[in-house]
Amino acid sequence: MSAPGGGQKVRLLKAALDQMKDEDQIILFIDSYDVIFASDPRELLKKFKQAKHKVVFSSESLIWPDRHLEDKHPHVREGNRFLGSGGFMGFLPNIKEMISNWTGADSDSDQLFFTRIYTDPAKRKSINITLDSKCRLFQNLHGALDEVVLKFEDGRVRARNVLYDTLPVIVHGNGPTKINYLGNYIPNIWTFEGGCSVCDENLRPLEALQHPLVMVGVFIQQPTPFVTVFFERLLQLQYPKNRLKLFIYNQEAHHKHHVDAFLRDHGNLYENIKNIEPEEEMDAPSARNLLFELCRRDEGCDYVFSLDVEVVLKNDKTLKILIEQNLPMIAPMITRSGRLWSNFWGALSADGYYARSEDYVDIVQERRVGVWNVPYVSSVFLVGGSLLRSDLSDPELFSSDVLDPDMAFCHHVRRKVCDGATRQSLGSGVFMFVTNMHTFGRILSTENYQTTRLHNDLWQIFENPVDWQERYIHQNYTLIMKDKLIEMPCPDVYWFPLFTNVACDHLVEEMEHHGKWSGGGNVDKRIQGGYENVPTIDIHMNQISFDKEWRKLLMEYVAPITEKMYPGYYTQALFDLAFVVRYKPDEQPSLRPHHDASTFTINIALNQVGLDYQGGGCRFLRYNCSVTAPRKGWALMHPGRLTHYHEGLPTTAGVRYIAVSFVDP
């Protein structure tokens, strides 16, 4: 791929043809490891005969390896000028004549050998050679990325050269350009009519077997949100823990307590554990190489399951699904919420970096579902132990002076590709696959993640809104409208589930960690005018820089309910005040009757009556109606001015916390 060579192909061909005598025999010569057949021999023979020459070579738009021969190539009326040695077709006597003078070494260039014959007018005429300039028989992909697209026909798929409007029979991913996605379709691997035709072949059902031994590698390389949730999901993987060995690499001191807590509570469930801590100062490539090396040394290690901590693995059957696919290396497709980012590349650019294949968006958005041969995977994947002990035995697969570890690894894997480009030829190849036949999960954004607070995940409502909702919004919130979960304990007072217990606990702990509670006096420099008529002991959301996040919460989760319960009222959730109040018998047990300075008020119970405190609640005097048993995480929503004169009932024991927002249009 990077230097001339290939002389062994001419030597082997010459030896094989010496045994053949039929002068009417037609010979097809092609490279093997990067070639796809798009149609049958009849079409190939028909197009060969239409060329009206004894030998037809594939063509290219780029000359290689000797640019000095460019002027010696004959000009063509239309199409490619330059010869490609990866594919040619001709009659036996003519091909024998063409290679009769070969005396080169295996390290010599077959491309240069054939090019010199073709650019010699006498030899070209004697052997009767032409080029398939319009790619009717052969399509070389190097230098032709923009020329080739997929053409879907009835139950089959072809490669179409849009420049010459031809349908080549043989597609050759020559040079540094290996277009894996063509092999995912041609000729009938995946069609719109039948979907994936080979995805259920050669599966390995686990029910009939002892579960293979899997070494699970967890990698923490940067401050990452929701690490506690990551370990919860790891624990929930549906796979026998005694068939899992854990390898944890943690480069981030901030997450040491997360790892320690998980290992303390659950480490004894696993077959074996190796934990590399930040103090060991091992770099990421070395850690990933070590994981593979530990599996190589352990003859019982059947697979390595590599998992970065920013992966949100929602499907607890992921490991079983990947093993049952029975592929040497496969990744579950994960995406980033609201974006086209995923953990695979559909194609490579000419210099080996990311390029978007024409099917990438359809695969990411699951409009095309299957198991896809791809040139790059990252973040989460399964690789066979036997593969690590054979084709991928290099101990430095993740090491590179110029590439990131994931790119270095995939580069090494691609260099091992040796036979075919589709699932049907897996016997001796090293291929990377990604499957989107199931929904597996997503990947977190780690941008702007700060570690300066007690519960940093609370601030992730903007960067990772889906994960924030799953962590902090009540599990029944989405059922509020459908199942009529909104209650009305008092006239025009609405009660609905909003926060999880975790959200309540984190907000309370964050406030106590901040610790700067107001004194409960009327003079309050935090508010406009500096005077509070009905003071409470509280901390404002902006004191912990949580005001923007709180407004987002109100807009996303409270405003829709407001508009439903108060028809004709629309809010931009502009709040004058948002704060957490603390009630204690020996501090401030209650709050005298008052109106709120709001159009409507949100009052969220942050802890549980009877468990955390006694007494408490809210009484609406006009209606002589009280809510005396607030539910943790549930919100009371009521008008603030004029009609809903109310008071905070005494807390008689313990400590009561509520989150309050005064909201105006």
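Student: Is E281 buried or exposed?

Tutor: This is a predicted model, where local features need pLDDT of at least 70, side-chain atom pairs count only at pLDDT 80 or more, and totals for chains, interfaces and linings use all residues. Residues are numbered from 1 along each chain as its sequence is written, and side-chain values use heavy atoms, with hydrogens and water left out. Buried means under 20% relative accessible area, exposed over 50%, partly exposed in between (1.4 Å probe, protein chains only). E281 has a relative accessible area of 72%, so E281 is exposed.

Student: What is the phi of E281, and where does E281 lie?

Tutor: Most residues other than glycine have a negative phi. E281 is not a glycine, yet its phi is positive, about 55°. Helices (H or I, at least four residues) and strands (E, at least two) are DSSP runs, numbered from the N terminus. On that numbering, E281 sits in the loop between β14 (272–276) and α9 (284–297).

Student: N326 also has a positive phi. Where is N326, and what is its relative accessible area?

Tutor: Phi of N326 is near 60°. Its place is the loop between α10 (318–324) and β17 (329–332). N326 is partly exposed, with a relative accessible area of 28%.

Student: Which loop holds P65, and what is omega for the bond from W64 to P65?

Tutor: The loop between β3 (55–60) and β4 (82–91) holds P65. The peptide bond from W64 is cis, with omega near 5°.

Student: What is omega between I186 and P187?

Tutor: P187 lies in the loop between α6 (180–183) and β10 (190–191). The bond joining I186 and P187 is cis, and omega is about -5°.

Student: What is the volume of the largest cavity?

Tutor: On a 1 Å grid over the protein atoms alone, a cavity is a set of points where a 1.4 Å probe fits but cannot get out; lining residues have an atom within 4 Å of a point. Grid points are joined across faces, edges and corners, and a volume is the space filled by probe spheres set on the points. The whole structure has six cavities of 30 Å³ or more. The largest has a volume of about 70 Å³.

Student: Which residues lie nearest the centre of the largest cavity?

Tutor: Elements giving two or more residues to its lining are β31 (600–605), β35 (634–639) and β38 (656–664). The lining has 14 residues, and nearest the centre are N603, A605, P630, L636 and R656.

Notes: 1 Å grid on protein atoms, 1.4 Å probe; cavity = no way out; pocket = protein on both sides within 12 Å on 5 of 7 lines; lining within 4 Å.
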